[in-house]
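Work through the exercises below with the structure open beside you, and try each task before reading its solution.

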Amino acid sequence: MVSDLDIYLFDLRGYLVLKQALTPGEVADLNACLDAIPPLKPGEWYGHIHAHHYGDGTSGLNLQQIYEAGEPFEKLIDHPAWIDKMKYFVGGEGTFDFHHGPLFIDENFANFRQPGEAIGLHSGGHPPTLRGQFRYHGGRFLCGQVNILAALTDIGPGDGGTMLIPGSHKSNFKHPHYDRHRMGKGSSVEGLEGAVQVPMAAGDVLLFLDGISHGSAKRVNPGARRTVVYRYGPSWGNFRHGYQPSPELLERLTPQRRQIVQPQRLLPREPNLKE
């Protein structure tokens, strides 16, 4: 369900906070799946899960293709707490896109953020990008990418929480201090005028337009922040990093989940006429 308040706040701020979107049981199951994965270094594979970071080595470890980690992560593909909101804000229902399913997940990962780690500022309305576009036209939203970030641990002061600049998805100008905080080795968003940190309890979900300026504070507390990110866009999109779902995953998914994970099936190219 998408409420009038959801629509207003998403349009105004570029994000929503879905309190306790995941139950304690779901959080426990997701964490148990992560605990079953052995420690990995960037570049290593565990089955169909790939350890990855964003190049600077200070933003935390990502376990890409995390929907391969088990049924608890498969359930997030079309979780009822947000799937209708994704369809509404990405758009596509009732149009040509809907014949292939309106949504596609182009990246999904679990992130572990340790003490001293953060991710710097990125995205924003300026300069405009197709993937990060925010558009409302003809009575419908047509957004290039909308993310869910689910907290699997409590995220408060010192925990390296997500930071956003509300409304920056509509900005026509670059933040004057953008370059001081931009994504790079050792950077964070703390101290940036206009940015706010989003406190989250385990089970809370942050739904946000990828085009909003965002990043994180630096984690200083002991332990690791655990989050899961699924990025939704229109069905004609492609995988951000070149990953593909495994045949085993596709085989066990429900039809709706399979449609979101792989909206387009490759046509067989087997010659059936003699030259």
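The model is predicted, so local features need pLDDT of at least 70 and side-chain atom pairs count only at pLDDT 80 or more, while totals for chains, interfaces and linings use all residues. Residues are numbered from 1 along each chain as its sequence is written, and side-chain values use heavy atoms, with hydrogens and water left out.

**Exercise 1.** Describe the pair formed by Phe-104 and Phe-239, and state which parts of the chain the pair ties together.

*Solution.* Begin with the rule: rings of Phe, Tyr and Trp (its six-membered ring) pair if their centres lie within 6.5 Å, and planes under 30 degrees apart count as stacked, over 60 as edge-to-face and the rest as tilted. By this rule there are 12 aromatic pairs. In one of them, Phe-104 and Phe-239 lie 5.0 Å apart centre to centre with 85° between the planes, which is edge-to-face.

**Exercise 2.** Find which residues touch the most other members of the largest nonpolar core.

*Solution.* Such a core is a set of buried Ala, Val, Leu, Ile, Met, Phe, Trp, Tyr and Cys residues joined through side-chain atoms within 4.5 Å, where buried means under 20% relative accessible area (1.4 Å probe, protein chains only). Of its 48 residues, Leu-63, Ile-66, Trp-82, Leu-207, Tyr-230 and Tyr-232 touch the most other members. Strand 5 gives the most to this core, with 5 residues.

Key. Helices (H or I, at least four residues) and strands (E, at least two) are DSSP runs, numbered from the N terminus. Buried means under 20% relative accessible area, exposed over 50%, partly exposed in between (1.4 Å probe, protein chains only).
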